[in-house]
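The following note sets out several points for a colleague reading this model. Each point may be checked against the structure shown here.

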Amino acid sequence: MLHHRAAAERAAAPPGATRRRFLATTAGAGAAAASPALLTGCGTARAGTGRLRFWNFYGPQRSPDPAINAQSKWFVDTVARWNATHKTQIDLVYLPRNTYINGFKLPSAFATGEGPDVFLLSPGDFLRYHNGGVLADLTPHMAKEAVDDFGSALDSRTVDGRVYALPMEVEPLAMFYAQDVWEKAGLSEADIPTSWDRMLDIGDKLRAKTRAGLVFETNPGYLQNFTWYPWMWQGGGEVLDESGEVAFDSRATRQALQLWQDAVRHGIAPRTPPAAGDVISGFKGGNVAMWQQGIWNVSSFKAYAPAFRYGVFKLPVPPGGRYLTALGGWSFAANARSGNAEAAAEFCVWALGSMQDDAVDRMVDWCVGAKSDVAPRESALERGAAKGGYDSAVMRRFKDEIFPGGRAEPRYPPVVYKAISDAIQGTMLADRGVAGETERAASAIAAYTESYKGASLI
Amino acid sequence: MSGVVTPERRATTAPAGASSAARGPRLRRERREWLAAGLFLAPDVLGLLVFVAIPMVLSFALSFFQVSGFGSYEWIGLGNYRRMMGDPLFWDSMKITGLYVVVLVPVLFCVSLGLGLLVKQRLPGVGAYRTALFMPYVISLVVVGVLWKFLLDEQTGVVNRAMRAAGFDGASWLGSPGLALGCVIAVTVWVMMGYYMIIFLAGLQEIPREYYEAARLDGAGPWTTFRTITWPLLRPTSFFVLLMSTVAALTGGLDLIFVLTNGGPANGTSLAIFYIYQQAFGFGEYGYASAMGSFLVLIMVIVSAVLFTVTRGGRFDDGE
């Protein structure tokens with residue numbers, strides 16, 4: 001009976017609705033849908049066209065932030081100018097900043113031999129990429145005058161006198177402060193602290209329930225280490241001495257760790273950055289009195305809070321110390337394993353490191369137009385100043401007072417970075433003993449340097 | 001009795017020609033069913049093979065090499081495993097992971113079950129409640145992280161403002177080692193509870209209503225009804241939730257940690273999966289990360305096996 005009914009139903013069904021036909025159709029549709037994806041996955045755009053890929057975290061993109069749009073436009077214009085005048089064409093590939101810095105795309109690409117032809121490189125990653133053999137030597141493409149024009153800005157991107165990356169900016173650290181908060185507390189510019197103790201006193205005076213008196217970076221990462229180094233250097237501390245020996249366990253290191261620990265322990269500095277780390281919102285919202293930050297925030301203030309009254313001052317120093325700040329900034333680098341490494345290297349030098357007026361102007365546009373940075377080339381710094389790029393009180397102070405006491409961000413590899421980071425985090429946020437953390441970090445660094453093989457760590 | 005011919009006996013007693021004629025269509029049908037099953041399973045099996053099984057095997061193989069991250073591989077045998085055994089940061093991250101799993105899984109289980117029981121009731125607008133509770137699960141973890149970062153902000157966060165309004169001091173939720181992991185667990189529960197609530201709801205709706213009616217007629221109260229009917233009959237669902245949430249706790253939460261704490265403060269939220277990711281993609285230590293990843297998989301297999309054994313795989317009793 002059942003058999004008869006099934007037969008009858010099959011007979012009544014439209015001819016296309018059999019199970020076999022359904023399966024065949026499904027399989028066909030699946031294959032058709034999968035084919036383009038599989039075929040496009042067979043090769044990169046570069047393999048097919050010979051075009052170079054330039055991975056970056058600026059553009060092309062659209063953003064509600066006019067500063068970010070200006071930075072994106074600079075990248076787009078730079079590449080468009082190269083493409084208009086050179087046979088080898090370049091495609092800009094934009095990756096969101098967090099994906100670029102903390103994500104797996106860039107390391108995975110290099111690990112699989114598919115790294116971009118041109119990319120942005122931070123000082124913290126320099127040695128790892130150099131020791132991995134993927135940084136093209138830019139020296140043959142550069143004139144000696146151009147190398148001299150960069151001066152010490154190239155130090156952390158040079159190995160044995162050869163240049164492996166070209167800095168696009170120099171970003172000094174300073175202390176930003178809210179002038180209204182300052183004045184309401186009866187303070188004036190004459191009260192700007194020059195010593196650590198005075199800085200803590202003022203931070204203590206300015207703090208309130210919803211306002212941090214003084215902010216240091218709290219999130220673990222390369223940025224936190226970068227912002228901490230000047231406090232160690234000011235007392236004469238070093239991670240590694242001139243001969244490459246571990247020098248981390250020193251009085252200067254301990255007092256720098258103690259400074260941050262005291263600031264947090266006494267509630268002067270918060271344990272997390274105000275406004276979830278948004279500097280402009282933190283200041284505008286009245287949640288911050290002083291914040292150790294970089295020059296890059298000047299363009300953000302200009303874009304988002306042009307009327308906000310703020311000032312900057314040099315980082316205060318410890319008793320008997322010497323003023324120093326850290327100079328950050330990213331570089332252009334070319335992939336030595338690119339199918340066209342010569343053209344990639346040539347592009348980096350053409351964009352930032354040639355003696356042509358265009359290259360200098362391009363750097364000026366980046367440092368005082370699209371962003372707010374100190375130019376890494378002497379000629380660009382002068383030209384930027386002549387164009388009025390450092391005329392504002394804040395930028396002038398950065399150029400004339402803060403930057404001259406600067407020292408390049410170190411290029412320590414991950415193991416060294418992590419040991420220092422753990423010491424900062426342990427003392428600052430877990431209230432661990434400064435001496436013990438310093439000693440532990442020094443031992444970890446020493447264990448690493450004993451077996452380290454590669455370019456000089458300093 | 002002898003007149004009764006079972007299909008099996010018919011097959012043996014029927015003429016050869018008739019036998020093959022009867023078996024032919026059945027075999028063709030069976031083959032077609034096998035083919036259909038194979039075709040339907042193929043995409044999943046292929047996906048698992050390509051994206052899970054093969055990478056796992058390759059990762060295990062990688063764990064015996066020193067990998068530069070730029071194409072060079074050097075055989076070091078058990079070197080990465082020896083390094084793992086002596087790495088205090090890895091063991092710290094394992095301890096944090098253990099604590100995370102031990103707290104998260106029971107809390108998530110109870111909250112999801114409670115919500116499942118709640119939204120099973122015939123309440124006005126219950127559909128809206130179900131949707132609202134499920135909503136966090138469909139939001140990107142990055143967005144969730146940013147949202148909670150603002151809510152838990154030390155100075156201006158809603159949580160601290162509410163506490164201050166109630167006369168308490170605020171706390172540094174994400175900046176204190178003792179609180180940050182708890183906050184990560186709470187946010188994870190908030191995100192995941194909607195998903196497991198739906199799983200429990202499906203399990204609860206499978207329980208025949210007649211059982212509850214009979215219990216009510218017998219005078220059983222809500223607790224007795226839950227203890228004697230709901231809980232035992234939810235066993236397969238409970239097992240599923242327990243297993244899935246344990247595996248999720250052991251391997252998930254990376255995006256949330258990245259946005260909320262970046263493993264801090266003082267490595268206080270550095271789960272094993274975060275530490276492994278950091279070693280691989282932050283430091284280029286692919287071989288070492290693979291060794292730790294393989295170890296984590298082993299732990300996961302052991303935990304799953306224990307769960308299967310203890311709960312008998314969610315079966316009601318032996319033989320069913």
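1. In this predicted model, helix H13 (272-282) of chain B passes H14(B) in a left-handed crossing. The axes of H13(B) and helix H14 (residues 286-311) of chain B come within 8 Å, and they cross at roughly 160°. Angles over 145 degrees count as roughly antiparallel, and H13(B) and H14(B) are therefore roughly antiparallel to each other.

2. Which residues make this contact between H13(B) and H14(B)? From H13(B) they are B:Ala272, B:Ile276, B:Gln279 and B:Ala280. H14(B) contributes B:Tyr286, B:Tyr288, B:Ala289, B:Met292, B:Gly293 and B:Leu296. Divided by class, the contact of H13(B) with H14(B) has 8 nonpolar residues, 2 polar residues and no charged residues.

3. In the model, 31 residues of chain B are in contact with 36 residues of chain A. Helix H2 (16-62), helix H6 (141-151) and helix H13 (272-282) of chain B each supply at least two residues of the side of chain B that touches chain A. The largest share of that side, 3 residues, comes from H2(B). By class, the side of chain B that touches chain A comprises 13 nonpolar, 14 polar and 4 charged residues.

4. How is chain B divided into domains? The domain assignment gives domain 1 (7-62) and domain 2 (89-314) of chain B. Taken over C-alpha atoms, the centres of domain 1 and domain 2 of chain B are separated by 39 Å. Contact between them involves 4 residues of domain 1 of chain B and 6 residues of domain 2 of chain B. On the side of domain 1 of chain B that touches domain 2 of chain B, there are 3 nonpolar residues, 1 polar residue and no charged residues.

5. The database annotation may be set beside the model. An unreviewed UniProt entry places the feature "transmembrane region" at residues 34-65, 98-119, 131-151, 179-202, 239-260 and 286-310 of chain B. For residues 98-119 of chain B, the end C-alpha atoms lie 31 Å apart, and the span is 100% helix and 0% strand. For residues 239-260 of chain B, the end C-alpha atoms lie 30 Å apart, with the span being 91% helix and 0% strand.

Key
Residues numbered from 1 in each chain as written. Chains lettered and ligands numbered in written order. Predicted model: local features only at pLDDT ≥ 70, side-chain atom pairs only at ≥ 80, totals over all residues. Contact = placed C-beta atoms within 7 Å. Helix = DSSP H or I, 4+ residues; strand = E, 2+ residues; numbered from the N terminus. Nonpolar A, V, L, I, M, F, W, Y, C, P; charged D, E, K, R; others polar. Domains from an automatic or database assignment. UniProt positions renumbered as here; feature names shortened; annotations may be inferred. Axes fitted to C-alpha atoms, helices over the stretch in contact; angles between N-to-C directions. Parallel < 35°, antiparallel > 145°, perpendicular 65-115°, else oblique. Left-handed = near helix turned anticlockwise from the far one by under 90°.
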